[in-house]
Amino acid sequence: TGHSLEKSLVKSMGTVCNVVISQESETPIIFNPDFFVEKLRHEQPEAFTELVLSNITRLIDLPGAEFSQLLDEEPKTPNATAAGGFFRSFNFLKRKDKCVVFGMPLTEEGIAQIYQLIVYLSKNLHVEGLFRVPGNSLRQQTLREQLNSGADIDFSSGDFHPNDVATLLKSFLGELPEPLLTQRHLHAHLKITELSLFDDHGNKTSLPDKERQIEALQLLLMLLPTASRTLLKLLLDLLYHTAKQQDKNKMSAHNLALMFAPHVIWPKNMNASDLQENLKKLNSSMAFLIKHSQKIFRAPAYLREHARLQFANTRLIHSKDDLELLSVGGSPFASACKRSAAPVDSHTEEALRELCRHVTDHMPNSAKKKKLIRQLGKQSSPSTPVSESTTPTSKKHTRSRSFGGLIKVRSLYLCFNQTTPTTFTEVIKGISPSAAVGPLVQSNSSPS
């Protein structure tokens, strides 16, 4: 079953990774376009969290108490850091260790066992009423015991029906100590369902803003514990393909949401009145997750670009784990990545030089002018002459523009914008041609 498991794995990861066939061999190379995002998460966790949270609050309004819940430290997944690297890959799905998985906190061993159910169900999506029709309780108990013992289930024997397996999968999710989407993210999910479009006069409409909802989910799901995010990805991918065959199984995304919302998103400690008040939003949120599961696990483009720039002038392959994340089954793509590690700051430095020339030539001599020139000097690399009187006294390695540095450049905009807004706007676009800080700039320039 190992070969079929790997094929299913490549298929399930298809929405996150691009599969490239090398001309030298037929071995598939799986490239993760979120490589630098994951690297940033591992190597600079505080900066990563700050970056994600700043963009979440740009999209949804979270009061202090609700926002502080997102700041809670991610619980450690048992064995999640055993390998010491920032990319654990999906190889643990092949491992069948003996451990109780039902009713226990989510672990890699538990996911590896439950993944067997997901693989089997993915081959039986045509069954009418899948996930709705209950299975046989005795067969489910037998299957439960085998999974808790770490057994490799032989589904080809015909001992189990798809309805047995589907019902047991729901039971596993329902018996987790907390919902898969976690209790601390509940209010954020409710706020995301309220995102709607505005008319030409700036008035809120009843039409959902799907693009903003998808972007908010992309960011929010990055803050999930690693184990929860892994299983959620596998589960939603299964439900997405189940809904695609609704002409055979009669299970639409809405029907599936009604079956899984209680196990995935409903909080364990919410009282009946609060649950009834938010029931429609919770079910709607689950349906949205299923329908857009092929998009919500990708990092937003501006986040990818920011993370890439963070490591643009560093050696790309630091460890075996880095290489495993970049390519599985070969190194042609890794070689291509090394070749692409050319300096990318020339555009930024030229824009800074233009800005400094403008400050020097057009602003009257004053304390403000001197302060601006000093700040521009801090943002420049040694190769960027910010002014004739500003010369770096020490040598530093050229580096990509940091997130904190971009925020400082934006503060220059707020200060300098009073005198020459048009020119500076053009220059600031040159400093950051990517969308990495675009949403942040736009949020400050849009009418309140």
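These legends walk through several close-up views of a predicted model.

**About the model.** Residues are numbered from 1 along each chain as its sequence is written, and side-chain values use heavy atoms, with hydrogens and water left out. Because this is a prediction, local features need pLDDT of at least 70 and side-chain atom pairs count only at pLDDT 80 or more, while totals for chains, interfaces and linings use all residues.

**View 1. The whole protein, before we zoom in.** The protein has 21 helices and four strands. Helices (H or I, at least four residues) and strands (E, at least two) are DSSP runs, numbered from the N terminus. Of the 448 residues, 48% are buried. Here, buried means under 20% relative accessible area, exposed means over 50%, and partly exposed lies in between (1.4 Å probe, protein chains only). Taking contacts between residues at least 6 apart in sequence, 74% join residues at least 24 apart; a contact means heavy atoms within 4.5 Å.

**View 2. Helix H7, a mostly covered helix.** H7 runs over residues 162-174, and its end C-alpha atoms are 18 Å apart, which agrees with the 18 Å that its 13 residues should span at 1.5 Å a residue. The expected span is 1.5 Å times one less than the number of residues. In H7, 11 of the 13 residues are buried, among them Pro-162, Val-165, Leu-168, Leu-169, Phe-172 and Leu-173. Asp-164 and Lys-170 are also on the buried list. The buried residues of H7 pack against helices H5 (108-122), H6 (137-148), H10 (226-244) and H12 (253-264).

**View 3. Helices H10 and H12, side by side.** Two packed helices are described by the angle between their axes and the distance between the axes. The axes of H10 and H12 cross at roughly 155° and come within 10 Å. Axes are lines fitted to C-alpha atoms, for helices over the stretch in contact, and angles run from 0 to 180 degrees between N-to-C directions. H10 and H12 are therefore roughly antiparallel: angles over 145 degrees count as such, under 35 as roughly parallel, 65 to 115 as roughly perpendicular, and the rest as oblique. H10 passes H12 in a right-handed crossing. A crossing is right-handed if the near helix is turned clockwise from the far one by less than a right angle, and left-handed if anticlockwise. Leu-232, Leu-235, Leu-239, Thr-242 and Ala-243 of H10 touch Ala-253, Leu-256, Phe-260 and Val-264 of H12. By class, this contact of H10 with H12 has eight nonpolar, one polar and no charged residues. Ala, Val, Leu, Ile, Met, Phe, Trp, Tyr, Cys and Pro count as nonpolar, Asp, Glu, Lys and Arg as charged, and the others, Gly among them, as polar.

**View 4. Helix H12 meets helix H13.** H12 packs with H13 (residues 272-291) at an angle of about 115°, with the axes 8 Å apart. The two helices are therefore roughly perpendicular, and H12 passes H13 in a right-handed crossing. On the H12 side, the residues include His-254, Leu-258 and Phe-260, and on the H13 side they include Leu-282, Asn-283, Met-286 and Lys-291. The contact of H12 with H13 divides into 11 nonpolar, two polar and one charged residues.

**View 5. Helix H2 against helix H14.** H2 (residues 35-43) and H14 (residues 301-310) pack at about 65°, with their axes 8 Å apart. That makes H2 roughly perpendicular to H14. The crossing of H2 and H14 is left-handed. Phe-36, Val-37 and Leu-40 of H2 make the contact with Leu-303, Arg-304, His-306, Ala-307, Arg-308 and Gln-310 of H14. The contact of H2 with H14 holds five nonpolar, two polar and two charged residues.

**View 6. Two loop residues with positive phi.** Most residues other than glycine have a negative phi. Phe-131 has a positive phi of about 75° although it is not a glycine. Phe-131 lies in the loop between H5 and H6 and, at 1% relative accessibility, counts as buried. Thr-182, also not a glycine, has a positive phi near 70°. Thr-182 sits in the loop between H7 and helix H8 (186-193) and is buried, with a relative accessible area of 4%.

**View 7. Arg-212 and its contacts.** Arg-212 lies in helix H9 (residues 210-221) and is partly exposed, with a relative accessible area of 22%. Leaving aside neighbours within four places in sequence, Arg-212 is in contact with Leu-59, Leu-195, Ser-196 and Phe-198. Leu-59 is one of the buried residues of helix H3.
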